[in-house]
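Hello,

Here is the structure I promised to hand over.

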Amino acid sequence: MGHPDTTTPEPPDHAVFHPLADAPWERPGDAPPELRELAEQAARIGARRAQVTTGAIGLYTQLSELPAGYEVPPHRHSAHELLVVLEGGCTVAGGPELNAGDMAEVPANAEYGFTVGDQGMRFIVVRPSASVTSLSPSD
């Protein structure tokens, strides 16, 4: 969420491994002010997200876990993203249903939102750069 560190680290000359057990889960207080309320609401119902990779070779990766019925409001990211559903699924607002194994390519600044299905959803997002999230204005 929010305002990432935009410095690009020097790429390593060897493989770097990121055990999920070592990934830091974000806290609502880590969110930028404009997203803090949403982050607090999400945490109260069991949603969580971890930054897994932070650009060492140009990939920024997040793992998210969302409970059944959770609604991700319409929003945009400043970077392209590949969303890969690992478990469960969701229904994209105005779009298809995504299930385990499905993927979505979302261009930078494209608006989207979704509602998590009955099984909850665990997914990974991969971006080619650090990204800023912006909530879309409410109607």
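Which residues are linked in a network of salt bridges? They are R48, E65, E87 and R122, a salt bridge being a side-chain nitrogen of Lys or Arg within 4 Å of a carboxyl oxygen of Asp or Glu.

Before the details, a word on the source: this is a predicted model, in which local features need pLDDT of at least 70 and side-chain atom pairs count only at pLDDT 80 or more, while totals for chains, interfaces and linings use all residues. Residues are numbered from 1 along each chain as its sequence is written, and side-chain values use heavy atoms, with hydrogens and water left out.

Back to the salt bridges, of which the whole structure holds seven. One of them joins the side chains of R48 and E65, at 2.8 Å from N to O. R48 sits in strand β1 (residues 48–54) and E65 in strand β2 (residues 60–66), so this pair ties together parts 17 residues apart in sequence. (Strands are DSSP runs of E, at least two residues, numbered from the N terminus.) E65 also meets R122 through a salt bridge of 2.9 Å, N to O. Because E65 is in β2 and R122 in β7, that pair ties together parts 57 residues apart in sequence.

As for accessibility, buried means under 20% relative accessible area, exposed over 50%, and partly exposed in between (1.4 Å probe, protein chains only). E65 is buried at 19%, whereas R48 at 37% is partly exposed, and so is R122 at 22%.

Another salt bridge pairs R127 with E81, their closest N and O atoms being 2.7 Å apart. It links distant parts of the chain, with R127 in strand β7 and E81 in strand β4, 46 residues apart. Both partners are buried, E81 having a relative accessibility of 4%.

Then there is the largest nonpolar core, with 18 residues; L66, L83, F114, M121 and F123 touch the most other members. By nonpolar core I mean a set of buried Ala, Val, Leu, Ile, Met, Phe, Trp, Tyr and Cys residues joined through side-chain atoms within 4.5 Å. Strands β4, β6 (103–106) and β7 (112–127) each give this core at least two residues, and β7 has the largest share, six residues. Setting aside residues up to four places away in sequence, F114 touches several residues, including L66, Y70, C90, M121 and F123.

Best wishes

Definitions and conventions. Helix = DSSP H or I, 4+ residues; strand = E, 2+ residues; numbered from the N terminus. Contact = heavy atoms within 4.5 Å.
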